[in-house]
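User: I am new to this structure and would like a close look at a single part of it. Please set that part against the whole.

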Amino acid sequence: MNRIILIGCGKVKLAESSAAKDLYVGHLFVARRQYAERSGHPWLIVSALHGLLVPEKVIAPYNKTMPTQRHAFTRWADKFRDQFTSAFECSPMVLEVHAGADYVTPIRLALWSWSCVTIEHPVFGMGIGEQIAFYNSQL
């Protein structure tokens, strides 16, 4: 079964346009990135502004958080679903999500009807320090 790792973007960013994998520079993002890169599995970034990002895509810094209003939340989930289903065929896969609940919830909503995807959230319920310790222990 294929495994894809999806990591949440970060609040702390460089001041200039960069590849998405380099734009986010906070401790949690860096730990998630190292975990994803060492896993040997394909990985992507999930962003409040852009939805699904390939790590090499050059983007400008931005300041946007996940929407909380129902219509905007649903619109983000629809965008993510369209991006994800365009990028991947429906074949059995595990989507290992390393992001906060504000991302995991709309991702689950977006992919609920795609029965080929099993979503795992290994850091569910962990605080930031616990997550960083988890990633460090995996390295």
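User: Leaving aside its neighbours within four places in sequence, which residues is I7 in contact with?

Analyst: This is a predicted model, in which local features need pLDDT of at least 70 and side-chain atom pairs count only at pLDDT 80 or more, while totals for chains, interfaces and linings use all residues. Residues are numbered from 1 along each chain as its sequence is written, and side-chain values use heavy atoms, with hydrogens and water left out.

I7 is in contact (heavy atoms within 4.5 Å) with F29, R32, R33, A36, W43, L44, I45, V46 and H98, its neighbours within four places in sequence being left aside. I7 belongs to strand β1, which covers residues 2–8; strands are DSSP runs of E with at least two residues, helices are runs of H or I with at least four, and both are numbered from the N terminus. One of the contacts, I45, is 38 residues from I7 along the chain, yet their C-alpha atoms are separated by 4.9 Å.

I7 has a relative accessible area of 0% and is therefore buried, a term for values under 20% with a 1.4 Å probe, counting protein chains only. Across the protein, buried residues make up 45% of the 139 residues.

As for the whole, the protein has five helices and seven strands, in the order β-β-α-α-β-β-β-α-β-α-β-α from the N terminus. Among its contacts with a separation of 6 or more, 69% join residues 24 or more positions apart. The C-alpha atoms fill a box of roughly 35 × 30 × 30 Å along the principal axes.

How values were computed:
Buried means under 20% relative accessible area, exposed over 50%, partly exposed in between (1.4 Å probe, protein chains only).
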